[in-house]
Amino acid sequence: MKKILATVLALLLALSMTAFAASAELAGEWYGETLAMGEESMELAALGMSVTLSLNEDGTVVFALADEDPATGTWTEDNGAAVVTIDGDSVPFVLNEEGKLVADMEGVVFTFGRESGAAAPAFVRPEPVKAELADFNGTWQPVYMSDGSMYFSLETMASIIGQETVDLLAAPIPIENGTLTFLGMGVDMVYEDGMLKGPEGVDVAMSATMLEGGILEIELNGSYYECVLAG
């Protein structure tokens, strides 16, 4: 009986040590490296994104995305994976053969590594300045596209939506005496307070704002184009 008990205790000890080793291997700081959607994979640094996953040894977790408030929760080890639970939702972060943590978040697959790849922002928006009407004249070439919070180079956008779509949306934008031409359509903008605004009665939000450094920011219905003078 004592031999059986000793054997059982030895097995339990071995199992607990294995679990401890797995948890120790998972615990610590992890840094986002790539995200993939379908067959497209992109480096987070190229997107100007910084993602950090902190698996603390006390079972708590902190998930920080760029400048947003970090999310907190708990994590447990399950068959070599870190199961992270935040706001009641659980996602397994699986350790692959390369020593990376991989998580599928509703079809977006993130890969994390141990080394910090602190992403420098792709574009830092300069301060707006008031400009004269004539300052807007010229042909403006988009170099970055944005949703108003994150800025993407044309190369990065091409990897997301395709080169043909980028070539269409990021075509040069002529402005002459307040008339802005986009996709072959001319719009007579209103010059007011040192910027160009869309005419009244147009449902699409439009504006053109001069920024420091000679950059022109053109808004078209919630999409922003950071432009420089062509040529």
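**Group meeting: a walk through the predicted model**

Let's start at methionine 37, which sits in strand β1, residues 28-37. This is a predicted model, so please keep that in mind throughout. Is methionine 37 buried or partly exposed? Methionine 37 is partly exposed, at a relative accessible area of 38%. Together with Ile160 and Ile161, Met37 makes a nonpolar surface patch of about 220 Å².

Now the overall picture. The protein has 231 residues, and 32% of them count as buried. There are three helices and 19 strands. The accessible surface is about 13,600 Å². Carbon and sulfur atoms account for 56% of that surface. Take the contacts with a separation of 6 or more: 49% of them are between residues 24 or more positions apart.

How about confidence? The mean pLDDT of the protein is 83, and 86% of the residues reach 70 or more. Which element has the lowest mean pLDDT, and which the highest? Helix α1, residues 2-26, has the lowest, at 39. Strand β12, residues 173-176, has the highest, at 96. Over residues 1-22 the pLDDT is below 50. Beyond near neighbours in sequence, that stretch has two contacts in the model.

On to the inside. The largest nonpolar core holds 47 residues. Which of them touch the most other members? Those are Leu53, Leu55, Phe112 and Ile218. Look at phenylalanine 112. Leaving aside neighbours within four places in sequence, its contacts include Trp30, Tyr31, Val51, Leu53, Phe63 and Phe93. Glu33 and Lys100 are also among the contacts of phenylalanine 112.

That pair brings us to the salt bridges. How many does the structure hold? Three.

The side chains of glutamate 33 and lysine 100 meet in a salt bridge, 3.0 Å from N to O. Glutamate 33 is in strand β1, and lysine 100 is in the loop between β7 and β8. The two residues are 67 residues apart, so this pair links distant parts of the chain. Glutamate 33 is partly exposed at 26% relative accessibility. Lysine 100 is partly exposed too, with a relative accessible area of 23%.

Next, glutamate 217 and arginine 125. Their closest N and O atoms are 2.8 Å apart. Glutamate 217 lies in strand β18, residues 215-220, while arginine 125 is in the loop between β9 and β10. Arginine 125, at 34%, is partly exposed.

The remaining pair is glutamate 192 and lysine 197. Here the closest N and O atoms are 3.2 Å apart. Glutamate 192 counts as partly exposed, at 36% relative accessibility. Lysine 197 is partly exposed as well, with a relative accessible area of 27%.

Last stop, serine 153. Serine 153 lies in strand β11, residues 151-153. Is serine 153 buried or exposed? Buried: its relative accessibility is 15%, and that falls under the 20% cut-off. Which residues does serine 153 contact, once neighbours within four places in sequence are left aside? Val143 and Tyr144.

Conventions. Residues are numbered from 1 along each chain as its sequence is written. This is a predicted model: local features need pLDDT of at least 70, side-chain atom pairs count only at pLDDT 80 or more; totals for chains, interfaces and linings use all residues. Side-chain values use heavy atoms; hydrogens and water are left out. Helices (H or I, at least four residues) and strands (E, at least two) are DSSP runs, numbered from the N terminus. Buried means under 20% relative accessible area, exposed over 50%, partly exposed in between (1.4 Å probe, protein chains only). Contact means heavy atoms within 4.5 Å. A nonpolar core is a set of buried Ala, Val, Leu, Ile, Met, Phe, Trp, Tyr and Cys residues joined through side-chain atoms within 4.5 Å. Accessible areas come from the Shrake-Rupley method with a 1.4 Å probe; for residues, only the protein chains shown count as cover. Patches are made of residues with over 30% relative accessible area and no salt bridge: like charges are joined within 9 Å, nonpolar side chains (Val, Leu, Ile, Met, Phe, Trp, Tyr) within 5 Å. A salt bridge is a side-chain nitrogen of Lys or Arg within 4 Å of a carboxyl oxygen of Asp or Glu. pLDDT is the predictor's confidence in each residue, from 0 to 100.
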